Amino acid sequence: MKTRLLALTAMLALATTGCTSTPSVGQPGPAASTTVDYKAELSAFIAKRGADQGKAAGAMMMTSAIKSVTVTGTEWVIVAEFESLLIAADVQKQVAYMVGVYDPTVTKVTIKTPGGQELFAGAPPKQPITASPDA
């Protein structure tokens, strides 16, 4: 179990490690329209970043669990159904980090399960989440 958790943690860390730049002109970012599908926009952003870095599988694991995204001002609420091993590997923190990369104006990210259990709430991490050798 510990080996499997470490492997999943490493895969997730590889999925977005190095994603430290913020979006610039020509990169995806929050659209100005009032009818934005934030789930699709965020999923596409994470998938493109993963594909660009050869880490598409990890990005797919993150985005396939996202059920809905609601944005109110600078606060994002994400409902996602992650596997328990991914939660133990802090995938929710990695998704929050990616929200901060996608939208640098975000002040709070809340990630919940469909049942309402809060997995993450706060400002997005400034650095990608990496695998811990102690996991």
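Visitor: How are α2 and α3 oriented to each other, roughly parallel or roughly antiparallel?
Guide: This is a predicted model, in which local features need pLDDT of at least 70, side-chain atom pairs count only at pLDDT 80 or more, and totals for chains, interfaces and linings use all residues. Residues are numbered from 1 along each chain as its sequence is written, and side-chain values use heavy atoms, with hydrogens and water left out. The axes of helix α2 (residues 38-52) and helix α3 (residues 56-64) come within 7 Å and cross at roughly 165 degrees. Since angles over 145 degrees count as roughly antiparallel, and those under 35 as roughly parallel, α2 and α3 are therefore roughly antiparallel.

Visitor: Which residues of α3 make the contact with α2?
Guide: Contact here means heavy atoms within 4.5 Å. On the α2 side the contact is made by Ser43, Ile46, Ala47, Gly50 and Ala51, and by class the contact of α2 with α3 has 6 nonpolar, 3 polar and no charged residues. From α3 come Ala56, Ala59, Met62 and Thr63.

Visitor: What kind of aromatic pair do Tyr38 and Trp76 form?
Guide: Rings of Phe, Tyr and Trp (its six-membered ring) pair if their centres lie within 6.5 Å, and planes under 30 degrees apart count as stacked, over 60 as edge-to-face and the rest as tilted. Tyr38 lies in helix α2 and Trp76 in strand β2 (residues 75-80), 38 residues apart. With 5.3 Å centre to centre and 70 degrees between the planes, the pair of Tyr38 and Trp76 is edge-to-face.

Visitor: Where does Tyr102, the ring paired with Trp76, lie?
Guide: The rings of Trp76 and Tyr102 have centres 5.8 Å apart and planes at 85 degrees, so this pair too is edge-to-face. The pair links distant parts of the chain, 26 residues apart, with Trp76 in strand β2 and Tyr102 in helix α5 (residues 91-102).

Visitor: Is Trp76 buried or exposed?
Guide: Buried means under 20% relative accessible area, exposed over 50%, and partly exposed in between (1.4 Å probe, protein chains only). Trp76 belongs to one aromatic cluster with Tyr38, Phe45 and Tyr102. Because its relative accessible area is 1%, Trp76 is buried.

Visitor: Which residues is Thr113 in contact with, leaving aside its neighbours within four places in sequence?
Guide: Thr113 is found in the loop between β3 (108-112) and β4 (118-122), and with a relative accessible area of 17% Thr113 is buried. Leaving aside those neighbours, Thr113 is in contact with Val79, Ala80 and Leu119.

Note on methods
Axes are lines fitted to C-alpha atoms, for helices over the stretch in contact, and angles run from 0 to 180 degrees between N-to-C directions. Helices (H or I, at least four residues) and strands (E, at least two) are DSSP runs, numbered from the N terminus. Angles under 35 degrees count as roughly parallel, over 145 as roughly antiparallel, 65 to 115 as roughly perpendicular and the rest as oblique. Ala, Val, Leu, Ile, Met, Phe, Trp, Tyr, Cys and Pro count as nonpolar, Asp, Glu, Lys and Arg as charged, and the others, Gly among them, as polar.
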